[in-house]
Amino acid sequence: MSDQEPSPAVSISHLPRHVGRSVTLRGWVTHLRSSGKVRFLVLRDGSGLAQAVLVKGQVPEADFAAFDRLTLESSLVLEGLVRAEPRAPGGFEVQVTALTPVHLAQDYPIAPKEHGVGFLMDHRHLWLRSPRQQAILKVRDEISRACRDFFHARDFILIDTPILTPAACEGTTTLFETDYLGRGKAYLSQSGQLYLEAAAMALGRVYCFGPTFRAEKSKTRRHLMEFWMVEAEAAFFTLDDVMALAEDLVRTLVSRVLERQQPALAALERDTGPLEAVLAGPFPRLSYGEVLERLKDAGAELAWGEDLGGDEETLVSKMFDRPLLVHRYPLSCKAFYMEADPADPRLALCVDLLAPEGYGEIVGGSQRVADLDVLLGRIKDHNLPQEPFEWYLDLRRYGSAPHGGFGLGLERVVAWLCGLHHVREAIPFPRLLDRLYP
RNA sequence: UCCCCGGUAGCUCAGCAGGUAGAGCGGGUGGCUGUUAACCACUUGGUCGGCGGUUCGAAUCCGUCCCGGGGAGCCA
């Protein structure tokens, strides 16, 4: 209104505080409606959506005309009076007094209607603007923060492990390969664990949180080529300590999201009942052997030594309404660094945490081999070269100690808590088999 | 890598006992003083994924390649 005193720029989420006052909003057009001499637009600024109204005669003619040039997703600045208005989505509305387009968008490809997944993935950079994708990204942010808060509250030190590595951490999975300036091959990290073990011998309790890369030709709703993992490692931790910490973390993440992201969960139409149930009591713990028995009773017999497949995991986890900890798998189907169970050397001191509702494995952890000779034997058994692991073997030469840890897949947790059908929506720009764009 | 399904307008799809292409939405124009994925009228819009074959004639049948979707294995 006044040229001398422009209205303060506010975010849409704060509109209720400004009822009766003039404010400036800046954002993007998500809906346009015109009805003769009344024009409506819905504006998005990242914090929320607000309806703005222009009435002919109450706005300078040039500003009113500017509305008619607006297109979906055009950016603009507007000034207006905030009113409580039951007819407006959200209950508040801005009566526009000035409207200034910043940029008029070209024909926006994403319409407010159904689109195929392929089309949306090709336009991922624009798809992020939709309410649903925004809600997912907010939940993801909440989970990331909660992870950091969780570990710092327990005196874990953040260690940034390298992404370019000289060799496989686990050897078995396929690695993304790159040329290291003519000095040989380097590989993108598939886990920070081995480096974290070194740091645990320095600092006791450590964790890392970063991207990891798996060049597997996996094509399922649970797999990404590039995903984010939180890994924890602690000296003198036993398998029981690892399980307790993993359970504690998952419980913390669920309660934190329920506590602080109700609007996002509502936008996603996530039924929070199953999430509340997670917090109702301790997570059930079953050994691999006990799982085999359960499977047999359910008519899905599995031979001892066989790894649990996706179907088996789903079947067992559906027997509980809380996440399930499955421990002590056969050593033969696990990684070389896992400690054997002294009570039964055929078993590994390891644990997988299976999320309910069919979301499957979200955590994998173990107690690590502490003895040098045992580790040397494992490296040999797994046909791994010893030389690249010399530094790792040193950890067993200079004050070796029992230790253990786990890794948690961020996108799988996001997908679970948001109730998504595929992890590709749980990360801003997913890297999938045959999909590297945008 | 294997097994299914699909590729027709900018988007979502219909058309397939072979006869030369349609709808809704979007875009454009006009109308409407309270719209809610607004509505009404008019209008624009296509090498029917590529290549090859059968045929008088192919979006439709056959072969092949490419791309996408779903599932499996493996994993977080």
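Tutor: Two strands count as paired if DSSP finds at least two bridges between them. Keep in mind that this model is predicted.

Student: In which sense do strand 14 and strand 15 pair?

Tutor: Strand 14 covers residues 340–341, and strand 15 covers residues 344–348. Two bridges link them. That meets the cut-off of at least two. The sense of the pairing is antiparallel.

Student: Which residue of strand 15 is the bridge partner of Ala340?

Tutor: Ala340 belongs to strand 14, which spans 340–341. Its bridge reaches into strand 15. The partner is Ala348.

Student: Is Phe236 buried or exposed?

Tutor: Phe236 sits in the loop between strand 11 (226–235) and helix 6 (239–260). Its phi is positive, near 65 degrees, and it is not a glycine. Exposed means over 50% relative accessible area. Phe236 has 60%, so it is exposed.

Student: What is the relative accessibility of Asn383?

Tutor: Asn383 is in the loop between helix 11 (372–381) and helix 12 (390–394). It is another non-glycine residue with positive phi, about 55 degrees. Asn383 counts as exposed, with a relative accessibility of 68%.

Student: Which is the peptide bond from Tyr437 to Pro438, cis or trans?

Tutor: Pro438 lies in the segment after helix 13 (410–418). Omega for the bond from Tyr437 is near 5 degrees. The bond is cis.

Definitions and conventions:
Residues numbered from 1 in each chain as written. Chains lettered and ligands numbered in written order. Predicted model: local features only at pLDDT ≥ 70, side-chain atom pairs only at ≥ 80, totals over all residues. Heavy atoms only, no water. Helix = DSSP H or I, 4+ residues; strand = E, 2+ residues; numbered from the N terminus. Buried < 20%, exposed > 50% of the residue type's maximum accessible area, 1.4 Å probe, protein only.
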